[in-house]
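Here's a quick tour for anyone meeting this structure for the first time.

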Amino acid sequence: MRRLHGVLVGALGLVMGAGALLGGAATANAAEASATARSATVTLTANGTSIDDASPISQVSVASACPVNYRDSITLSLVVPDGRESILASNLTGGAPYATAPATAPVPAASTGATVVRSIATAFGVLHVPVADGTYPVHVTCANTDRGNFPEHPTSTGFIEVSGRTWQPSATVAPKVTSVRLSASPANHVQVGQPFTLTAKVASGVPGVVRFAADGGVTSLGTPVPVVNGTASVQPPVNTTPNVRSYIAIFIPADQITYAQDYTVLSYAFVNAPSITVTDANGTVLGGTPQLTPGQQITVSAQGFRPADGETVDVGATNVYFHLLPAVFPSTASDVAGSVANYTLTVPDCISAGSHKLVLVGEKTLVAISFAFTTK
């Protein structure tokens, strides 16, 4: 209750001093993943030497445990020169949970159930990349079965050597970890139909490109963007409906042998233009700074808050006590459209005479929507 009161009082202060925060930028608090690249040594055990073997790897072992919340399964992916990944073995669960070091998973001889196993040649072919001699990274990614709520990709990197139609595990040392962060402008959210920009920041000055995508990587956002002075930006298509989408940024180093890729996720909200409707007990819409009476019941509906998974919406009124202190009402929550509907409250019996604002504040978006009224 103390935190709620603090959030609300702070927001009411902003409303009184600087106007309502109707969709402006706020401190970023969207779900952003931390760095996911890991420097743990990867050991690949070969089944054979042919790139056409249906299951080329019999076992994978990572020198460290998978991170907390990402211990349900392991996936192996071949990385081609442009940085794209192609599955070699997905959803490995033998030996799970991978909570101790080394994290070791056997690879089945063939695809079965939710596990897909591919030859190295097929992994190249799926991406329409010709097989060529060289050293190629293999990503070993830890995962949670609930990928919607746990979207990060904690990844360690091993290597294979390809020569003609043969291959072997490589003794190449683990690449240096890199770090990419993703932010949006406006921060937190943007109104539907309005432009926004995604910006990836890459640490350590490592050259490379950033691939941007939406919806867990399903929707590509153009071609990879070169990193210039540590940043890369893209302006995605605008969204026309209120929802929450996940955006990813994958940093692909120019030298993928020395440096590891990194992957980060940002949850971003698209909100309706803020509006508020207040009615009296008879259902009559109130407008034009109406005069309310102590003890009067009113009903409030508003839109413009976080949609989809919603957010807690704090409710209060300014200048209620001693012409200065606010009143705090029970909080509510926005629905899948980002709306609050039919919220009923009673004007405090001891409200001071004068001008007031009823204010609804989203705790995640910090969107504040106000309704002015007076009392005698």
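**A first look around**

Pro97 sits in the loop that runs between β4 and β5; helices (H or I, at least four residues) and strands (E, at least two) are DSSP runs, numbered from the N terminus. You're looking at a predicted model, where local features need pLDDT of at least 70, side-chain atom pairs count only at pLDDT 80 or more, and totals for chains, interfaces and linings use all residues. Residues are numbered from 1 along each chain as its sequence is written, and side-chain values use heavy atoms, with hydrogens and water left out.

- The bond between Ala96 and Pro97 is a cis peptide bond, with omega at about 0°.
- Ser185 and Pro186 are also joined by a cis peptide bond, with omega about 0°, and Pro186 belongs to the loop between β9 and β10 (189-191).
- Asn91, in strand β4, isn't a glycine but has a positive phi, near 55°.
- Leu366 is another non-glycine residue with a positive phi, near 65°, and its place is the loop between β24 (354-362) and β25 (368-375).
- With a relative accessible area of 28%, Leu366 is partly exposed (buried means under 20% relative accessible area, exposed over 50%, partly exposed in between, using a 1.4 Å probe and protein chains only).

**Nonpolar cores**

- The largest nonpolar core has 34 residues, and Val60, Ile74, Leu76, Leu88, Leu92 and Ile160 have the most contacts inside it; such a core is a set of buried Ala, Val, Leu, Ile, Met, Phe, Trp, Tyr and Cys residues joined through side-chain atoms within 4.5 Å.
- At least two residues of this core come from each of β1 (42-46), β2 (57-62), β3 (73-79), β4 (85-92), β5 (103-106), α2 (120-126), β6 (134-143) and β7 (155-163).
- Another core, of 24 residues, lies apart from it and has Ala317, Phe329, Val340 and Val347 among its members.
- Leaving aside neighbours within four places in sequence, Leu88 is in contact (heavy atoms within 4.5 Å) with residues including Ile57, Leu76, Val116, Ile120 and Val138.

**Strand pairing**

- β7 and strand β8 (residues 166-169) pair antiparallel over 4 bridges; two strands pair if DSSP finds at least two bridges between them.
- Ser163 has Thr166 in β8 as its bridge partner.
- The two strands β7 and β8 make a hairpin with 2 residues between them, and Gly164 in the turn has a positive phi of about 65°.
- Strand β9 (residues 180-185) pairs with strand β11 (residues 197-202) in the antiparallel sense over 6 bridges, with Leu182 opposite Ala200 in β11.
- β11 also runs antiparallel to strand β15 (residues 231-234), joined by 4 bridges, and Lys201 is bridged to Thr231 in β15.

**Thr104 in its setting**

- Thr104 is part of strand β5 and counts as partly exposed because its relative accessibility is 26%.
- Setting aside neighbours within four places in sequence, Thr104 is in contact with Gln59, Val60, Ser61, Gly94, Gly95 and Tyr98.
- Its C-alpha atom is separated by 22 Å from that of Gln261, and Thr104 and Gln261 are 157 residues apart along the chain.
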